Amino acid sequence: MIQHGKPYLTAVPEYGAGMERAWSEGQRKWLALSGRSNLSTAASSEHYIYVDQPDLAVRAIQRVADEAAKSK
């Protein structure tokens, strides 16, 4: 899983900080579903990591594909 490194929800003062916390909590729950998962941070990205840092997204997809190929 890749998390955004730049907060973007905090731009909405009424609920942004709470949304950032909820988003992070949801990611931790997804990670807990597998003992083989990991979390990395796209330091230069907001929500659309595949737009802000496409190379990072492609490498992550390649890692998943490589792991899937090994398990056959």
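Four salt bridges are present in this structure, a salt bridge being a side-chain nitrogen of Lys or Arg within 4 Å of a carboxyl oxygen of Asp or Glu. You are looking at a predicted model, where local features need pLDDT of at least 70 and side-chain atom pairs count only at pLDDT 80 or more, while totals for chains, interfaces and linings use all residues. Residues are numbered from 1 along each chain as its sequence is written, and side-chain values use heavy atoms, with hydrogens and water left out.

**Stop 1: R36, E67 and K70**

Select R36 and E67. Their side chains form a salt bridge, at 3.0 Å from N to O. This pair ties distant parts of the chain together: R36 sits in the loop between α1 and β2, E67 belongs to helix α3, and 31 residues separate them. Helices (H or I, at least four residues) and strands (E, at least two) are DSSP runs, numbered from the N terminus.

Now colour by accessibility. R36 counts as exposed because its relative accessibility is 61%, whereas E67 is partly exposed, at 36%. The cut-offs are under 20% relative accessible area for buried, over 50% for exposed and in between for partly exposed, using a 1.4 Å probe and protein chains only.

The side chain of K70 meets that of E67 in a salt bridge (3.4 Å, N to O). K70 and E67 are three residues apart in helix α3, so about one helical turn separates them. K70 has 62% relative accessibility and therefore counts as exposed. Shared partners join the salt bridges of R36, E67 and K70 into one network.

**Stop 2: R59 and D55**

Stay on helix α3 and select R59 with D55. These two form a salt bridge whose closest N and O atoms are 3.5 Å apart. Both residues lie in α3, four residues apart, or about one turn of the helix. R59 is partly exposed at 41% relative accessibility, and D55 is partly exposed at 45%.

**Stop 3: S45**

Is S45 buried or exposed? With a relative accessibility of 0%, S45 counts as buried. You will find S45 in the loop between β2 (40-42) and α2 (49-52). Show side chains here: that of S45 makes a polar contact with the side chain of Q53, at 2.8 Å. A polar contact is a pair of N or O atoms within 3.5 Å; within protein, one must be able to donate a hydrogen and the other to accept it, and residues adjacent in sequence count only if both atoms are side-chain atoms.

Leaving aside neighbours within four places in sequence, S45 is in contact (heavy atoms within 4.5 Å) with H4, G5, K6, D52 and Q53.

**Stop 4: G5**

G5 is partly exposed, with a relative accessible area of 34%. Apart from neighbours within four places in sequence, G5 is in contact with T41, A42, A43 and S45.
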